[in-house]
Amino acid sequence: MDLAQRDKLSELVEELTTSGQQQLNQEKMKEIKKICKLSNDYVDHVYHSVMAQLDKEHAEIRLSAFQIASELFSRSHQFRTRLVDNFQEFLELTVETDSDQPLPPPKEVAKKLKISAIKTVQSWQATYGSAYKKLALGYHFLKHVKKVDFNDVEARTVAERTQVEERQRRMERIYRDRVETAAQEMEESYQEIETTVTEMKSCLELLLPDEFGLSDQLSFGDVALGSLEPAHRHRLEDELPCTSQSLTAEGALWKEMEENRGSNERREEEYEKKCLDPRMEKKPSPETVVMEGTAIKTNQDCEGKEADGDEEETEMDDVPDEDVFIRNSGLISHSYNLNISVESDLQVKETEDNEAVVSTLIDLHRLITTKHLPAVESWVQVFTKIGPEQQQLLRRALDLKNTLAFLLKKEKLLHIDYKTRIRKVTRVAAEGEEDDEDEDDFEEVPEKEGFEPHIPDHLREEYGLEPLPSTAAAPTNQRSPPKRLAPLVSPTPSSSFAARRMKRRLEEERDPTCAAATLHLLKGQMRPCTGPSTSVSSEPPGAPPSTAEGSQTASSTSSVGDKAPDAPIVPFGLDLYYWGQKQPNAGKIIKSTSQHRFWVPNEVDEETENQEVLAESRNRYISFPGKFTPVSHHCNASLGNGKLCPRQDRVKCPFHGVIIPRDAQGQPSRAEDRVREELEEMRRRKMHPEWQDVELMQDIEAATGEDLGSQRLLGKGKGRGKGKGKSKQKYPNLSDLKKSADTSRSRLEKKVFNKSSMRRVTAVMNKIDGRKHEKFSNQFNYALN
Amino acid sequence: MLGFLSARTAGLDDPLRLRRAESTRRLLSLELNHGRDVDRIHGNGVNCLDIEAVEGRYMLSGGADGVIVIYDLENYSGKQQYTCKAVGTVGRSSRFAHKFSVETVQWYPFDTGMFISSSFDKTMKVWDTETLKPADRFIFDGNVYCHHMSPIARKHSLVAVGTKNPKLQLCDLKSGSRIHVLQGHRAEILSVRWSPRYEHILATASVDSTVRLWDVRRASGSLFTLDQHNGDKTKAAAEAVNTAHNGRVNGLCFSGDGLYLVTTGTDDRMRLWNSSTGENTLVNYGKVSNESRKGLKFAVSGGCSPDCVFVPCGSSVAAYGLHSGELVATLRGHYNNVDCCDFHPDYQELYTGGKDCNILAWIPALRGPDVEDDTHVRKDAAAAAASAAGPAAANSAFEDAWSSEED
């Protein structure tokens, strides 16, 4: 036996088994066979090395070793004898006959190994079973004792099969239980959902009666359900013929509208109102047209009716009425085409009339989305899992779900304007059920009692006051610049609308029962009280500070107005307090020379005057730290991706160093800066050649197992921080067994069992124990526990 | 061999000498043979085997599922290939069968018309071989771990029964009653053996790690307990009782001549004792792996010059030289734990039964023709094997199949 050949054999076997491949490398295998063919000694040697590899705790190694063995088994008698002699161990290592020695990870490979091993043993048995007794025995053992079903592709033993069955049965039981509970739950809450649905429907109906053909658009969803219980379906069928009804209703509405139009000057307003009216005209949306064949006709009919209505209407009107109409409306002709562009979706505005309905609707909506719909969805999920025997339940749950979803959709279609009434809703809800709403919905409002002379600017609107023209004059300080009150007359009463409003208000002010009158009165009182304090403004109170007034006043006002926000507000000191007076105790220090209560030496002057203190009291320090000027320049260093660094540091960018003037390309504009930067770049390159991408290097290292020096490049701090660093992986092709799976369990373990948290827990526990000990240590009956 | 034969023909040698030499050779060449099979009747582990001493033809086996099978070992077919047929079976369907695992079976030493079996169903049954019906039945309080009947007793027909109860029961087959109780052990008795030399001497091994020798004529107590330290007072002083092992003692076997006693314990040791003095002979067998919680049935060969003891050892059977303590051979063939083995003294065959339901026959290999030419070794071996296994199988199975493409 040639030693070199022998070594080569071992090497080949090791290479083959540690390749991590699922299939053997045929060339190497051929080489092994070639060597083995020379002599039985080589076969023995291969046998030993294969068995050694089979013993490794890695399924991939085992699989490859097994493949080598099966290749050689069919070739060499010597190998067969050797292997069969040790067939127990072979089976243990490949077929997992010993439950104490499970196949090593990775799992998939182990499974594959087992399956292929079982198949191979079967084929061996067929070919060589009669000649090698132990092989036959082993086969028999697998078949009868381990109860391996050789026809079963899964190659499961009986124990595994029963385990799987058991698990299935258990799951089935669990599912059954779940279905039962879900069915029961459904029974219980079915009524509730029904009532909710009915309520929601009636709410929707109230908000948007069916006369606008809305229902035919929406009810098609209902029809699609198709499988509602009879009662429900009946109701739907009642709703169905509403297309024709709605058409006539529409026609009637149009007529009514035209009449309105003809009546008087209010017409325009009416018309406006109509547009804003919650009962919006509704043209069937395009999608409806597609969905429903008749709807197209409906649409056309609608147009036709519209025209008809117009004509009819014009014919019906009397002549004097007509004149009035023409005069009032300013329209030239009666025969006009009215093009109303109505959005396909509805817009329902909430008013006082439908407030209650809308709030109920909102409540119902919330109820459905938060409670009913999730519940129904979970039932559907449960019922779908159990299979065909629960069809009825499933259908029922699906019906419910569809109904709810349909209602929600319908409600959404209405586009109810909730925003204006959020406060109200919350208030209503809060009154109704406290637990439902968070306190966040309430604003903290400072308590006020009676009359408030100073109304914050942003609240003036609420109080029915005109906004102040200048925000700078907000009444923050009594002493500070003059507070200009809101002028009664708006400075730019340009629009007639505003004029009308002003007029109306003036009228109201004259009415003593009106709130506006009271306000007017209050304003009048406020003016004199603020008047004297305004030293600068000499304008008559209430007059608008317009530029049309005297230039002197204007300039003074503007100068004050300019300065006012700039001038710092300084806390005044003692010197200001005693401005122009002699300070009584300034600079005097009271000395008590004797500590005794009664014995006082008489000739001691208790008060001494200290010039320094006196001077100090006259001095005052005004600290003025200067003004914050925001940084306007950017770092502008080139970032490599064509962009410039957008950081706005004052002096130094943390990434690119001291900020220097740069050109549009990010290059320093000064020559010396450019030179310095180039030098730095050179130095960096020397340390970190550009082709050495650290991450890529790490990947390569992980793949090949060779050290390319990524650790060094990573830097001393990071690289060494991890400890000794991972040792060089021996067989990089094999899948790594130590790599822990990123499971929720492992993540939790990392958290729960890390040292610091353990220590913390122990500390707390010790403390608790200690406390108990302190409390009860002197009581014998606690001492034992 | 030829030398022995010629010496024998010339009358120079004692006939025993040839016999001993040949049987020793056969003993050492035991191997799993393709030629000998034992019918697979047991669907569960085989707990015990017993080959009758009268003809050496029938073998009893008791299974863990309560099945008892009688095999005919004799090969009258004239062929190499032989499967030991089951001539009688007490199967699960039989209403007399034991309910639970049969722990011990034993032939009546003087006739094959009767055998005794004991089981975990707390009974011991005396069977009529012809009808396979129990002739008598003894019921005990606890599981019956073992029983034994003296192979040489002429004056009594006592069966010693070790049960969960620490008291050893003696049942008299003549009267069909339990006539005597031997007290001394403190835990269940896992193994009991009568001495093949003195008909009143009895050895018992127990969970309390003691081995006691009894004289059934003496009711007061045991003769002595075996002491693993041989009465070394420094150690024994501390202990109230002498122990034979440091764990449970679960195997017990007298040598063929009854002079020695071999015990095995769960401390993975095997010890050889002088049965008359109770002295530990301190033969070192090394580690004899033993995890059985029940009694272990092992066998000692008889009539060979270095006698061997065959001990089940995991899934293999280890053969140790009885006095030398060296491991002679390891017989690997079972795929699961081996529970019992029995040695056929006439043919030097070993039968082993294990948890893998198999009963394997280990037959001495035929001596191959002496070879002069080294180059023909393999072919000859193959030919020998072929002659053993049948020509067709040999041709295809024993040849190397290197494909030509590998050249």
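Chain A averages 68, with 53% of its residues scoring at least 70. This is a predicted model, in which local features need pLDDT of at least 70 and side-chain atom pairs count only at pLDDT 80 or more, while totals for chains, interfaces and linings use all residues. Residues are numbered from 1 along each chain as its sequence is written, with chains lettered from A and ligands numbered from 1 in the order in which they are written.

A contact here means two C-beta atoms, placed from the backbone, within 7 Å. Next try residues 421-440 of chain A, where pLDDT also stays under 50 and the model has eleven contacts beyond four places in sequence. Now go to the helices, which are DSSP runs of H or I with at least four residues; strands are runs of E with at least two, and both are numbered from the N terminus.

Of its 785 residues, 19% are buried. Buried means 20 or more other C-beta atoms within 10 Å of a residue's own, exposed means 12 or fewer, and partly exposed is in between, with C-beta atoms placed from the backbone.

**A kinked helix**

Select residues 355-386 of chain A. This is α17, a helix of 32 residues that reaches 45 Å from its first C-alpha to its last, close to the 46 Å expected at 1.5 Å a residue. (The expected span is 1.5 Å times one less than the number of residues.) Where does α17(A) kink? Centre on A:Ile368, where the kink is about 40 degrees. The bend is the angle between axes fitted to the seven residues ending at a position and the seven starting there. A:Ile368 is also one of the buried residues of α17(A), which include A:His372, A:Trp379 and A:Phe383.

**Two nonpolar cores**

A nonpolar core is a set of buried Ala, Val, Leu, Ile, Met, Phe, Trp, Tyr and Cys residues joined through C-beta atoms within 7 Å. The largest one has 142 residues, and those with the most contacts inside it include A:Val46, B:Leu49, B:Phe310 and B:Cys341. Its largest share, nine residues, comes from helix α4 (residues 59-73) of chain A. Apart from it lies another core, of 22 residues, among them A:Ile193, A:Leu208, A:Ile362 and A:Phe383.

Click on B:Leu49 and show its surroundings. Leaving out residues up to four places away in sequence, B:Leu49 touches B:Met59, B:Cys341, B:Tyr351 and B:Ile359, among others.

**Over to chain B**

Chain B has five helices and 29 strands, and 43% of its 407 residues count as buried. The average pLDDT of chain B is 83, with 87% of the residues at 70 or above. Check residues 373-377 of chain B, though: pLDDT is below 50, with two contacts beyond near neighbours in sequence. Residues 382-395 of chain B stay under 50 as well, and have 17 contacts beyond four places in sequence.

Strands count as paired if DSSP finds at least two bridges between them. B:Tyr320 stands opposite B:Leu327. Five residues lie between the two strands, and B:Gly325 in the turn has a positive phi of about 80 degrees.

Next, show the open sheet of four strands with the order β19-β20-β21-β22 in chain B, paired antiparallel. β19 and β22 (279-280) are at the edges with a single partner strand each, so one side of each has no neighbour in the sheet. β19(B) pairs with β20 (residues 260-265) over five bridges, and B:Gly251 stands opposite B:Thr264.

Last stop: B:Arg248, in the loop between α3 (233-236) and β19 (249-254) of chain B. Is B:Arg248 buried or exposed? It counts as buried because it has 24 C-beta neighbours inside 10 Å. B:Ser209 is 39 residues away in sequence but 4.7 Å away in space, C-alpha to C-alpha. Other contacts of B:Arg248 include B:Leu190, B:Val207 and B:Gly265.

Technical notes: Expected span 1.5 Å × (residues − 1). pLDDT = per-residue confidence, 0-100.
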